[in-house]
Amino acid sequence: MPSTKAKEAARKTWNAIKNSLPILLGVLLFITLIIEIIPKDLYGKVFTNHGFLDPLLGAIFGSIAAGNPLNSYVIGGELMNQGVGLIGITAFILSWVTVGLVQLPAESLMLGRKFAISRNAFSFISAIIIAILTSYTLTIL
Amino acid sequence: MNIKIFSKINGGLKFLILIIFLYLVCAILNFDLFIVALSRFVELLKEVVPIILIVFIIMFFSNLLLETKKITKYLGHNSGISGFFLSIVFGILSAGPIYMWYPLLADFKEKGMKNSLIATFLYNRAIKIQLLPLMIYYFSLKFTIILSIYMVIFSVINGILVEKSLTYKK
């Protein structure tokens, strides 16, 4: 016979499952739709090799993009082969994994709207700053 | 659906209904896109189901074994540097998509986990140990090390800024 504590833990977990499953399914459906809507060759067309514009554009497109981080590395590698600067690519792959506009509704519902907006906004700014810092550090070292 | 009934449904279900509605619109406008997106959804679902299960198993054991006091002690407002250290380590080690961890984090938040540590945990999820070799292959070892160090540093800065912005009063 399971103890009262185990029953209580199971009840709490079941409630969490009931509340979060529709949100998780919604995010998965939304992400797959966004992945299919955004053309793969779009990313290569937006970079201009501008010192500030590139990290900004990289961060914007990385924030909108969704899916496995593996794809961001592959796209980033392809962009580098096309001559796009590392600074824009870094902002792109960073915001891909740290900023999530697609999962923002889910994050808001589960962790609070203010938290989600604030965390994503700071992550967006960080992606630009880190891209610039990484690029400069690489040139120094 | 009646608007009154819709307004009574909880936020999560409303969100799912809206996305399903979006799919229906997509099916009307571009049926091929609808089919491709739906089949990709099934593939993704197969990938994430084991992670969802792991997260809910962790949640069950945390409900069973971790008392609120313990979470408050190690991840609460007085957890200090060790709280950040734990969030960084668990953030890097955690697997799967970021959104799979929202339910567990929401549960921990209810039990007293600081917002700054949740933000730090989520930021460190960007450092994927299993994907580092691929990053090295594409962008060099030097780039990977420098970027990873900056990410850890900024995860803490982000955490602190998120906490400050949430407690800031005009």
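1. **Packing of H8 and H9 in chain B.** In this predicted model, helix H8 (residues 132-139) of chain B packs against helix H9 (residues 141-167) of chain B. The angle between them is about 125°, and their axes lie 7 Å apart. H8(B) and H9(B) are therefore oblique to each other. From H8(B), the contact uses B:Leu132, B:Met135, B:Ile136 and B:Phe139. H9(B) contributes B:Leu141, B:Phe143 and B:Thr144. Sorted by class, this contact has 6 nonpolar residues, 1 polar residue and no charged ones.

2. **The link between the two helices.** B:Ser140 sits in the loop between H8 and H9 of chain B. Check its backbone. The phi of B:Ser140 is positive, about 90°, although this residue is not a glycine. Most residues other than glycine have a negative phi. Is B:Ser140 buried or partly exposed? B:Ser140 has 13 C-beta neighbours inside 10 Å, so it counts as partly exposed.

3. B:Val156 belongs to helix H9 of chain B. B:Val156 counts as buried because it has 20 C-beta neighbours inside 10 Å, and 20 or more is the cut-off for that class. Which residues does B:Val156 touch, leaving aside its neighbours within four places in sequence? They are B:Phe84 and B:Thr120. B:Thr120 is 36 residues away from B:Val156 along the chain, yet their C-alpha atoms are separated by 5.6 Å.

4. **Chain B overall.** Chain B has 9 helices and 0 strands. Its pattern along the sequence is α-α-α-α-α-α-α-α-α. The radius of gyration of chain B is 20 Å, well over the 15 Å that the globule rule gives for 170 residues, so chain B is more spread out than a compact globule. The C-alpha atoms of chain B fill a box of roughly 55 × 45 × 40 Å along the principal axes. Buried residues account for 34% of the 170 in chain B. Of the contacts in chain B with a separation of 6 or more, 82% are between residues 24 or more positions apart.

5. **Chain A overall.** Chain A has 7 helices and 0 strands. From the N terminus on, the order is α-α-α-α-α-α-α. Its radius of gyration is 19 Å, well over the 14 Å that the globule rule gives for 141 residues, so chain A is more spread out than a compact globule. Along its principal axes, the C-alpha trace of chain A spans about 65 × 35 × 30 Å. Of its 141 residues, 50% count as buried. Among contacts in chain A between residues at least 6 apart in sequence, 80% join residues at least 24 apart.

6. **The A/B interface.** How many residues of chain A are in contact with chain B? The count is 53 residues of chain A, against 54 residues of chain B. On the chain A side, the elements giving two or more residues are H1 (4-37), H4 (69-81), H5 (86-98), H6 (104-111) and H7 (113-140). H1(A) provides the largest share of that side, 23 residues. By class, the side of chain A that touches chain B has 31 nonpolar, 16 polar and 6 charged residues.

Terms used. Residues are numbered from 1 along each chain as its sequence is written. Chains are lettered from A and ligands numbered from 1 in the order in which they are written. This is a predicted model: local features need pLDDT of at least 70, side-chain atom pairs count only at pLDDT 80 or more; totals for chains, interfaces and linings use all residues. Two residues are in contact if their C-beta atoms, placed from the backbone, lie within 7 Å. Helices (H or I, at least four residues) and strands (E, at least two) are DSSP runs, numbered from the N terminus. Ala, Val, Leu, Ile, Met, Phe, Trp, Tyr, Cys and Pro count as nonpolar, Asp, Glu, Lys and Arg as charged, and the others, Gly among them, as polar. Axes are lines fitted to C-alpha atoms, for helices over the stretch in contact, and angles run from 0 to 180 degrees between N-to-C directions. Angles under 35 degrees count as roughly parallel, over 145 as roughly antiparallel, 65 to 115 as roughly perpendicular and the rest as oblique. A residue is buried if 20 or more other C-beta atoms lie within 10 Å of its own, exposed if 12 or fewer, and partly exposed in between; C-beta atoms are placed from the backbone. The radius of gyration is taken over C-alpha atoms; the globule rule is 2.2 Å times the number of residues to the power 0.38.
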